[in-house]
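Have a look at the sequence and the model first, and then I'll walk you through it.

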Amino acid sequence: MSSLRSLSWRALVASALLGTSLSVAAQVAAPTLKAGDTWTYRGIDNYNRLPTGTWTREVTGTAASGIHVAVRSADGSVDDLFRAPGELTSGVLNDRARGTMDPAFQLMPFPLAEGKSWSQKVIRTDPVTNEKREMLVQGKVLGWETIKVPAGEFKAIKVERTMYLGDYDSFRGITQRTETEWYAPDIRGAAKVVVFEEFCERRYSCGMGSFMPGMRATTS
């Protein structure tokens with residue numbers, strides 16, 4: 001009996017250690033990026049399901065100032081600067097919200113683990129008007145999925161973030177932008193991103209049910 005108890009105890013300890021190991025392994029560390037790393041995506045308009053072209057993200061440099069990423073498409077090129085992977089310090093969120101962010105905007109708070117959530121307020125300075133606008137991001141890590149995209153099949157961790165972009169003016173209120181991203185560790189980047197935007201028009205007083213549709217798109 002003592003031998004059986006000893007065996008059971010060892011099995012229990014091994015099981016506990018294995019569980020700990022799996023828990024740690026389930027966390028996704030920030031990727032190591034270097035100049036020349038490139039990802040190419042295809043865009044789809046989610047209103048009509050028509051293609052909107054292709055665009056690339058390329059790491060053009062890494063330095064003390066951060067990670068420089070060029071985003072190129074047929075419409076032109078913009079540059080994003082990240083303090084670290086997933087932490088945007090300046091760049092473009094959409095065609096109405098761009099500039100520098102203080103503190104760095106937490107788009108992807110590594111390490112990622114299922115169930116993790118975060119909330120953050122950021123001051124964005126517009127590069128044209130020099131206006132300072134408050135933005136908010138609320139996010140959560142939903143869990144692991146296997147997804148198929150044009151580049152292949154990937155095991156990815158699903159992250160959802162809702163951002164209030166501080167892009168209001170005299171005619172419309174703040175854009176609420178929700179991004180669902182499937183981050184694939186094997187490619188050190190997003191395998192797929194779905195964007196859903198809506199905003200209110202001030203003539204409708206921005207009350208319940210007065211939201212208008214904005215960008216609806218998928219990139220993969």
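So, burial: of the 220 residues in this chain, 41% count as buried, meaning under 20% relative accessible area with a 1.4 Å probe, protein chains only. The accessible surface comes to about 12500 Å², and 56% of that belongs to carbon and sulfur atoms; that's Shrake-Rupley, with a 1.4 Å probe.

Quick caveats: it's a predicted model, where local features need pLDDT of at least 70 and side-chain atom pairs count only at pLDDT 80 or more, while totals for chains, interfaces and linings use all residues. Numbering starts from 1 along each chain as its sequence is written, and side-chain values use heavy atoms, with hydrogens and water left out.

Now, rings. The whole structure has two aromatic pairs, that is, Phe, Tyr or Trp (six-membered) ring centres within 6.5 Å. Take F110 and Y183: centres 5.3 Å apart, planes at 70°, so edge-to-face, which needs over 60 degrees. F110 is in the loop between β6 and β7, Y183 is in strand β10, and they're 73 residues apart. Both are buried.

Last thing, charges over rings (NZ of Lys or CZ of Arg within 6 Å of the ring centre and within 35 degrees of the normal). R172 has its charged end over F199, 3.6 Å from the ring centre, and R216 does that with F196, at 3.7 Å.

Terms used. Buried means under 20% relative accessible area, exposed over 50%, partly exposed in between (1.4 Å probe, protein chains only). Rings of Phe, Tyr and Trp (its six-membered ring) pair if their centres lie within 6.5 Å; planes under 30 degrees apart count as stacked, over 60 as edge-to-face and the rest as tilted. Helices (H or I, at least four residues) and strands (E, at least two) are DSSP runs, numbered from the N terminus.
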